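Visitor: I have a few questions about this one. Can we go through it together, pockets to begin with?
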Amino acid sequence: MNTLKQLIEGKPKILASVAPDQSVLLALEVMAKYDVGALLVIDGKRLAGVFSERDYARKVILQGKASKTTKVSEVMSGKVFYVTQESSVEECMAIMTEKHIRHLPVLDDKKNVIGVVSIGDVVKETIRHQQFIIGQMEKYISG
């Protein structure tokens with residue numbers, strides 16, 4: 001199975017992000033521009049949180065807040081679970097399942113964000129690895 005580092009290196013280099021003081025409307029525009037379901041919230045160089053479609057639905061729409069005037073910092077998930085590039089895909093899956101989250105920032109040893117993995121990335125890599133194993137077994141059996 002590919003390492004998390006390999007998985008991150010295979011993704012686009014652009015990290016979709018917003019600052020905590022930006023509006024939810026701007027965050028939604030960035031999400032639409034990059035076709036992503038979550039954004040990193042970066043305060044200077046520090047990872048301050050994650051803003052997701054779920055945050056928007058539950059903390060803006062259902063509470064009757066206005067997207068134009070609500071700041072991302074008011075509705076983002078401030079408790080951020082993350083992994084390092086040394087983490088395994090299996091570890092990502094376990095964290096995502098246990099914490100009910102769909103996106104995990106990937107940090108380097110200096111706590112700088114180097115990427116994001118989504119549940120889709122993890123599932124695709126798991127399927128790719130399983131197909132590889134099945135192919136190897138078929139070669140062995142027909143061998």
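Guide: This is a predicted model. The second largest pocket in it has a volume of about 350 Å³.

Visitor: Which residues are the closest to the centre of that second largest pocket?
Guide: Ser52, Asp55, Ser77, Ile101 and Arg102, out of the 17 residues that line the second largest pocket.

Visitor: And which element gives the most to its lining?
Guide: Helix 3, with five residues. Helix 3 covers residues 53-61, and strand 3 and strand 5 also supply at least two residues each.

Visitor: How does the lining of the second largest pocket divide by class?
Guide: Seven of its residues are charged, five are polar and five are nonpolar.

Visitor: OK, now the largest pocket. What volume does it have?
Guide: The volume of the largest pocket is about 650 Å³. It is lined by 28 residues, and those closest to its centre are Lys11, Ile14, Ala16, Val36 and Val116.

Visitor: Where does the largest share of that lining come from?
Guide: From strand 6, which contributes five residues to the lining of the largest pocket. Strand 6 spans 113-118. Strand 2, strand 5 (103-107) and helix 6 (119-142) are also among the elements that each supply at least two residues.

Visitor: How many charged residues are in the lining of the largest pocket?
Guide: Seven, next to 16 nonpolar and five polar ones.

Visitor: Switching to the fold. How many helices and strands are in the chain?
Guide: Six helices and six strands. Read from the N terminus, the elements come in the order α-β-α-β-β-α-α-β-α-β-β-α. As for the extent of the chain, its C-alpha atoms fill a box of roughly 65 × 35 × 30 Å along the principal axes.

Visitor: What order do the three strands of the open sheet take?
Guide: The order is 1-2-3, and the pairing in this open sheet is mixed.

Visitor: Strand 1 and strand 2: parallel or antiparallel?
Guide: Parallel, with two bridges joining strand 1 to strand 2, residues 38-43. Ser17 has Leu40 of strand 2 as its bridge partner, and Val18 stands opposite Val41 in strand 2. Between strand 1 and strand 2 the chain passes through helix 2, and this β-α-β crossover is right-handed.

Visitor: Which strands does helix 2 lie across?
Guide: Strand 1, strand 2 and strand 3. Helix 2 takes in residues 24-34 and runs at about 80° to strand 3.

Visitor: Back to strand 2 and strand 3. How many bridges do they pair over?
Guide: Six, in the antiparallel sense.

Visitor: What about the hairpin of strand 2 and strand 3, how many residues are between the strands?
Guide: Two residues. In that hairpin Gly44 takes a positive phi near 70°.

Key. Residues are numbered from 1 along each chain as its sequence is written. This is a predicted model: local features need pLDDT of at least 70, side-chain atom pairs count only at pLDDT 80 or more; totals for chains, interfaces and linings use all residues. Side-chain values use heavy atoms; hydrogens and water are left out. Two strands pair if DSSP finds at least two bridges between them. Helices (H or I, at least four residues) and strands (E, at least two) are DSSP runs, numbered from the N terminus. Contact means heavy atoms within 4.5 Å. Axes are lines fitted to C-alpha atoms, for helices over the stretch in contact, and angles run from 0 to 180 degrees between N-to-C directions. A crossover is right-handed if, with the strands pointing away from the viewer, the path from the first strand over the helix to the second runs clockwise. On a 1 Å grid over the protein atoms alone, a cavity is a set of points where a 1.4 Å probe fits but cannot get out, and a pocket is an open set with protein on both sides within 12 Å along at least five of seven lines; lining residues have an atom within 4 Å of a point. Grid points are joined across faces, edges and corners, and a volume is the space filled by probe spheres set on the points. Ala, Val, Leu, Ile, Met, Phe, Trp, Tyr, Cys and Pro count as nonpolar, Asp, Glu, Lys and Arg as charged, and the others, Gly among them, as polar.
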